[in-house]
Amino acid sequence: MDLNTVADVRDARLREPWQPGDAWLGGGTYLFSEPQPHLRRLVDLSRMGWESLSLGEGGSLEIAATCTIAQLSRFGRQFTARAAPLFEQCCRAFLASFKIWNMATVGGNLCNGLPAGPMISLTAALDGSCLLQSQAGSLRSVKVVDFVTGAGRKVLDEGELLRSVTLPARALACHTAFRQASLYGLGRSGALVIGTLDPVDSSMAVTISAATVRPFRLWFPLPPDRGELRRAIEAAVGEDDWNDDIHGLPEWRRHMAFRLAEEVRHELTQLSRDGVR
């Protein structure tokens, strides 16, 4: 897409004052996919020099907003953490070509805030925290489940950017279960459910996304039974929270979310009963 209203592209390292019509430019796979008549200037993040993926001393993982899907996929395939398979599963949920994988960024996927964003699913399920930076340089941390507030809506202030997402070591050490459903064989996710089982205390978390306008992460101190899980979902997800677009009606998404959540619960509960560590 030729953005013919954009008059300038600026280097984000210059830290220039934010102006009306500005937009952060990461990989550009969304910005250049459709007309953006409100934009006048792009602020390019590609030269910020952020390390794409870095492990903390305690085993946490920081993913830079500019990390591409291709980089995350390569890292996930050689990562030794127990939750590592989830990285590739969520990358594959893009159903995108290698050209998109090489340009699309983790931060861009989160900041679009779309219900089917698989990087939202991944980082929310692993209890990720977003590091946000204002134009003045101040920093604040927001949980991924609180970062996205609705379809295309997030808590970013004007000119604020997403610097990185950090996944805690405890979450990376969890067993995981992944389920995805689409109306079409190669279609956008209509429902995506991820479960995590903590081998330390047998606590379980079930994260629902794509079926809902924002991610919902439900935590249980011990693996719930079928009825307990269903009641928890019904209490957390309101009628208006089920997504409604051409990729699936709310009723179908709700049905699939309950079905996939039960499959995830059953798989992880079996691991817990078997005493898998």
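First, the ground rules. This is a predicted model, where local features need pLDDT of at least 70, side-chain atom pairs count only at pLDDT 80 or more, and totals for chains, interfaces and linings use all residues. Residues are numbered from 1 along each chain as its sequence is written, and side-chain values use heavy atoms, with hydrogens and water left out.

Start with Asp11. Asp11 sits in strand S1, residues 8–11. Strands here are DSSP runs (E, at least two residues), helices are runs too (H or I, at least four), and both are numbered from the N terminus. Is Asp11 buried or exposed? Buried, with a relative accessible area of 17%. The cut-offs: buried is under 20%, exposed is over 50%, partly exposed is in between, with a 1.4 Å probe and protein chains only. Leaving out residues up to four places away in sequence, Asp11 touches Asp44 and Arg47. Contact means heavy atoms within 4.5 Å.

Next, helix H1, residues 69–78. Its buried residues are Ile69, Ala70, Leu72, Ser73, Phe75 and Gly76. They pack against several elements, including strand S4 (53–55) and helix H2 (85–92).

Now the sheet. Strands of a sheet pair through backbone hydrogen bonds, either parallel or antiparallel. Here, four strands form an open sheet in the order S11-S12-S13-S14, paired antiparallel. Pairing requires at least two DSSP bridges between two strands. At the edges are S11 (175–181) and S14 (216–220), each pairing on one side only. How many bridges join S12 to S13? Six. Val193 stands opposite Ile208 in S13.
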